[in-house]
Amino acid sequence: MPDDRKTTEERQRMTDLERIRHSCAHVLATAILRIWPEAQFAAGPPVENGFYYDLELDHHISSDDFDEIEAEMKKIIKENQPFERIVVSRDEAIRLANEGQLGALGPRPMPSKFKLDILRGIPDEEEISLYRNGDFTDLCAGPHVMRTGNIGAFKLTSIASAYYKSDANNPQLQRVYGTAFKTRAELDHYFALLEEAKKRDHRKLGRELELFHIDEEVGPGLVLWKPKGAIVRKELQAFISEELGRQGYTEVFTPHIGKLTLFRTSGHYPYYRDSQFPPLIEPETLARFAEEGCSCAELSNRLMKGEIEGYLLKPMNCPMHIKIYASSQHSYRDLPVRLAEFGTVYRWEQSGELGGMTRVRGFTQDDAHIFCTEEQVLGEIRGCLQLVLKILNTLGMNSYRVRVGLRDTDSSKYVGTSEQWDRAEDALRESAKNVGVPFSEEIGEAAFYGPKIDFVVKDVIGREWQLGTVQVDYNLPERFGLSYVASDNSARRPVMIHRAPFGSLERFCGVLIEHFGGSFPAWLAPEQVRVLPISEKHLEYGRSVSGHLLDRNIRASIDESSDKIGAKIRLAQLQKVPYMLVLGAREEQAGEVAVRSRKNGDEGAVSASNFVERIEMEVRERQRD
Ligand SMILES: [Zn+2]
Ligand SMILES: [Zn+2]
């Protein structure tokens, strides 16, 4: 039985895999009862990637018990018991529960208390069904597979505790998790992927490769980019900037704080105040209030009402870019104006969620705001999509899709007229269609000020990551009274497009670390080449080679330790350096370098200048391994 009551229709939508997994939960319960007949079962639904069953039992189940339980489950699957659906009257079901027969192998001295409680929650008009396999009978709406033998391959994965119905006032139960697949091969593939994901975890690699650090004393969710991580970020920024330049963007810089008035005009304050750091107050004002004995509640109230001025750590860059646009006159000939900034913003995320780079409290958006005419919207959105496509393809993220977030026409939370919304939504839909990327439309997913496109990319191991957005905005130009002079000399309102296709550099780098498993292509790698002299006799030659590389702006270093060459190679491999140049007597005499690449291993000797040419091209063209 699932935790939350689903409608009969919703249950019918269970996929084949979900049926297998839910059926496996029944098999798990059957096996546990064969070992501990007194177990009291609650709910056992399929979940993402598997299933669980909640139970109450004095014996504390641990992973040490898994072998025994799994062996019993295998027997039950081998017995190929049919799943039989039995419709019973409410009275009959209650009688069986009172006899301890539900979620059980037969009558027991204690009633099936959770099943009894679940029964009470079933609406009068709903049919009550039991499912039986072998001796095991459960209160269950189904659906199931035909027989236990249809469960191809399964594995118990973990154990946790959970309150009955997720309510801390209820008894605490043991939750046994497992997963099941149609075939053994699919199960193995799933665990291989999990293993791979663990190896690629950006928090782990970030530490091992010294890319970034999060320090409790600095604050949770505030990322310190270490020198090697900073190189990755700078290269990425340079790459994005280059593409922005090609598309006619101009870069700007804006401060990290601004007056509350600005964010009142934009609507970011107090509308989104719960997700912002509290305002900063001028020292004089603060001192005066302290003298007057003003309470914190009073202070915050007066800030909110706008009775006193303060500053806000900026939660968004938009208002600053708007002020740049508004600071000069624009004619229709100047449009579109495209202002880009790697702009750092601050948001108050709940502390429970903060770990690596993908959820943070301060981050630098690859932000830009486009001010254009109504007619230019479609072309601009298409440009945004093409930019993203170019960058993702370069990074080898060839599989991506977009979600078009539309308004819910029944809701009143949106600003702007419905004609404006229709036009903006059409533009987004059209652009996605024209660029030819797979897209889905999602009702109710728009921002309050305009519809949007979200980017979702798939990495090399098939996981999906949500990146940034493109949003059309008819609201802020209105609030700030923006205008341009049209060809007939009238003043018109520009349309604004917000776009941060990769979300933030923190998040994007986190995703890239996992995508590449830390093995960045040469152009992004913090260290591109490591020179490895076989012995100290070749140190001089090694220094001249690495000096030559550094002169050509190639990020090279030399391992001058007295370690054996094998150890030097292993270390460089561990640190995922794309190229090693091994230098011994033969190389020195011939003025060559023996190339060892991270990808292919030993590639033989070439002249130092040949190697430089090769890596220069690789970096210039931003090639992948
Ligand atoms: Zn069931
Ligand atoms: Zn914006």
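**Figure 1. Helices and strands of the chain.** The chain holds 20 helices and 27 strands, both being DSSP runs numbered from the N terminus (helices are H or I with at least four residues, strands are E with at least two). The model is predicted, so local features need pLDDT of at least 70 and side-chain atom pairs count only at pLDDT 80 or more, while totals for chains, interfaces and linings use all residues. Residues are numbered from 1 along each chain as its sequence is written, and chains are lettered from A and ligands numbered from 1 in the order in which they are written. The C-alpha trace spans about 80 × 75 × 60 Å along its principal axes.

**Figure 2. Division into domains.** Domain 1 covers 8-195, domain 2 covers 224-256 + 314-516, and domain 3 covers 529-620; these bounds come from an automatic or database domain assignment. The centres of domain 2 and domain 3, taken over C-alpha atoms, are 42 Å apart.

**Figure 3. An open sheet of eight strands.** The order is S11-S14-S15-S22-S19-S18-S16-S17, with mixed pairing; two strands pair if DSSP finds at least two bridges between them. Strand S11 (250-251) and strand S17 (439-443) stand at the edges with a single partner strand each, so one side of each has no neighbour in the sheet. Strand S16 (residues 399-406) runs parallel to S17 and is joined to it by five bridges. Ser 440 in S17 stands opposite Arg 403.

**Figure 4. Helices packed on the sheet.** Helix H14 (residues 418-435) touches S16, S17, strand S18 (452-458) and strand S19 (464-473), and its direction makes about 165° with that of S16. Helix H12 (residues 318-326) lies across strand S14 (337-346), strand S15 (362-372) and strand S22 (495-500), at about 150° to S14. Angles run from 0 to 180 degrees between N-to-C directions, with axes fitted to C-alpha atoms, for helices over the stretch in contact. Two residues are in contact if their C-beta atoms, placed from the backbone, lie within 7 Å.

**Figure 5. The largest nonpolar core.** A nonpolar core is a set of buried Ala, Val, Leu, Ile, Met, Phe, Trp, Tyr and Cys residues joined through C-beta atoms within 7 Å, where buried means 20 or more other C-beta atoms within 10 Å of a residue's own. Ile 497 and Leu 581 touch the most other members among the 94 residues of the largest core. Helix H16 (residues 505-516) gives the most to this core, seven residues. Domain 2 and domain 3 both contribute residues, so the core lies between them.

Technical notes. A residue is buried if 20 or more other C-beta atoms lie within 10 Å of its own, exposed if 12 or fewer, and partly exposed in between; C-beta atoms are placed from the backbone.
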